[in-house]
Amino acid sequence: MFSTRRILPLAILPLLAFEFPTSFAAPQDLTSLVNLFIGTATAANGGSGGNVFPGSAVPHAMAKVGIDVSTTPRQAGYIHDNSSITGISLMHDEGTGGNTAGGYGIFPLFPLTGCAFTSCPVGISARAALRAANTDDASPGYFTSTFVNGIKLEATSTRRAGLIKFTYPPGSTTNHVVVDLANDLQRSFSGGSLTLSSGRVMLDGIYFQSYGPDNYTAHACYDFASDFVTQPLTQTGTYQSSSTNASAVTVSPGSKSVTFPYKTSVYSGTQAGALLSFNSSTVTARFGISMISADQACANAEAEVPSWDWDSVQQASVDKWEDVLSRVQVDTDVEDATVVELLFSSLYRASLVPANLTDENPYWQTDEPFYDALFWQVTSPSWDTFRTVHPLQSLVNPREWADIIKSYIDGWRNTGYIPECRANTKAGYVQGGSDGMPILGDFAVKYAAQASDLGVSTDDLYQALVDTAENTPPDWYRVGRQNTAWIEFGYIPTDWVDPSGSTGLPTREASRAWEYAVGDFAVRQAGRALSKSEADIAKYANRSMNFVNMWDPSVTHDGFTGFAQRRYPNGTFAFSSPDACSPVDPVGHSCARGSDNNVGFYESSSWEYSFYAPQSVATLIDLMGGNATFTDRVNHYFSKGYFLAGNEPSFAMPWIYHYAGRPDLSALRVREVVFDNFGTGINGLPGNDDSAAMASLLVFHILGLYPVISTTQMLIGSPMVSSFSLRNDVLGTTTKFTVTDFDSTSLASFPPEGSRVYVKSIMINGVQSDSICAISWSDVVGGGEIVIQVDSDATAAQARGCGGLLPDSLATGGFSN
């Protein structure tokens, strides 16, 4: 068996380790550049808590196989510490917030040795065991660890199936495997069953979703007997807690099934499952998973892992990852080793999610793809991912992205609204606007010409946008928007009851309104791209400027005037201190989804959201008093501590100087953000990865690009590699970017004086660009070569500004093409 491995000790690694060698030898494969353990430190006690999943998975896998720790927080099941392990399970979240106990972690296995069958410690607490130091090891498509008792576990997988192997210590003669029915990560088992026959274990379980109010049902199939493996099965049985004492667990030899009827409450503490014994020093289990039935789970296993060939399964996974990673090409002999590791590790996580559950939709019959966690892998809604994840997919993974878009549209066909958050196949919660709208708008403006070939109905895409922009669902906390208020007032009023009877969580009024404006901009952009009526285009363009209706010009804070604020139905403003819900909030307001959020903003402050109008930043500059004041205000935002690198509303802030003609300041600020907050250690993320939102952001920062959502314009800056190429398999193009006079000394939080970090000129296929701040998406993916010249003259960089055209804004006639 082969493995390209990266082994990390269980000792905590340094927070950031940016030592930049001048070059490093290029390995033979790109998967060896991926560090799966970045961001796996615990979030407890002030840790960064990236909540990254380091287990076995193929791109966009439904099956994400990894070990589960006993302590929380453990959103992805895994923590890189000395926590005990309670099992290796089949599905996990990746990089999410949400429930600290985690999502999924269903149907775990656990190996035991040296115990009599009826007295084996099968309960989850009794069996928990520590890992041996320095044995956690992972590469794309593979995971392994070893317990202190010497039992080694390994996993490799396909989209809905895979193999798990246990190797027992030499000389052990009584070896067992626990198959756990009742313990997911949340300990939320609410009913289900297990049946055992001839080495096959079939399971059905009902558990609680990780981000929402509903239960979900999952199914699995384990095979332990096959002509392809020799591992004599000597005894089987089931175990079950006492109905009156959950800690009293009885193992029943020969028993073939356990059943728990569904109930609305959790079977708290209940232990139930199967125990299998083998006369073999190695035991391999083939598994399949399904959201339809246990029979389909078995069929998935038989179809995807027919011959139990470990090397074949692992190699197929590696091949898939090699294809994904090769879509961004750099010369690893030349570029900085740490930057390369960060780049490819981030590209890996950006394709780990969402989960492709095609043919596993439990709710309606469809020939369309079905992606759970579209929104974006369980517990991270579109709010987390529309800014960076989807724009990155549009560049390098357009075929996969088209399938995801089709899943969004199919959700509208069957529910009437663009889905916002789907957690464990169920609707989750709406965090901000209906942020699937800018995602569909992004596809329309970029791939309208290719949509038919990609199987995307642009008529349905546009109707999904219009319906979501115009109609109000009964509960806009789960899907859609509060459109009755938005259309009537032109803003979201505080303390207003919808006469239609539609309800939702009536908080986050200001931030929702600013995101509704971005959603309407997406409709406007899609209308232009798809040649819809001028009346539609004008209507949604006008609505997209309604963010100004929640701008209070009378509010002054830290010497700056004018801020986004809540507003009552009578038009008067409701004051919230602009620093409320910022990282330095002196009061400590509630800033999440709860009904106690009384500041009007979600996971962000007025100081921050007052900069958020990507459709018309020029309007914000005017409201704030012009370019100089705007620039001073951005500088103050950073110096005062209002910026939080790990929070999505902060993502564009290092780049926003572009709009005031100061790309020189953006170049410096982006480097400060990257090298102060990201690294290759387990603490290498400044917060949870939010289903690759952070990973995608880091890719853009490294490449010197930043997307403007629902447009064909990108901000362009100073890359952190001397050259790179982007391959687009839909357009059949490879575009090469070359940085003339690239300076590796610029790879620092604060580049030393004289570092060549400032963009001086940009040539696109031999023609000088009329802007060094913005570039057309069609040029980025159009093939040919883009040459970026950099220099070290800060004074000249300030003077030349954007060298011509500023990035577009609606208020200045932008986005007209």
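Tutor: Buried means under 20% relative accessible area, exposed over 50%, and partly exposed in between, with a 1.4 Å probe and protein chains only. This is a predicted model, where local features need pLDDT of at least 70, side-chain atom pairs count only at pLDDT 80 or more, and totals for chains, interfaces and linings use all residues. Residues are numbered from 1 along each chain as its sequence is written, and side-chain values use heavy atoms, with hydrogens and water left out.

Student: How many residues of helix 16 are buried?

Tutor: 11 of the 15 are buried, so helix 16 is largely enclosed by the rest of the structure. Among them are Pro 663, Leu 665 and Phe 675. Helices here are DSSP runs (H or I, at least four residues), as are strands (E, at least two), numbered from the N terminus.

Student: What covers the buried residues of helix 16?

Tutor: The cover includes helix 15 (627-640), helix 17 (693-703), strand 31 (758-764) and helix 19 (794-800).

Student: New topic. How many aromatic pairs are there?

Tutor: The count is 36. Rings of Phe, Tyr and Trp (its six-membered ring) pair if their centres lie within 6.5 Å; planes under 30 degrees apart count as stacked, over 60 as edge-to-face and the rest as tilted. Phe 724 and Phe 737 are stacked, because their ring centres are 4.5 Å apart and their planes at 10 degrees.

Student: Where do Phe 724 and Phe 737 sit in the chain?

Tutor: Phe 724 is in strand 29 (residues 723-728) and Phe 737 in strand 30 (residues 733-740), 13 residues apart.

Student: Are those two buried or exposed?

Tutor: Phe 724 and Phe 737 are both buried.

Methods: Contact = heavy atoms within 4.5 Å.
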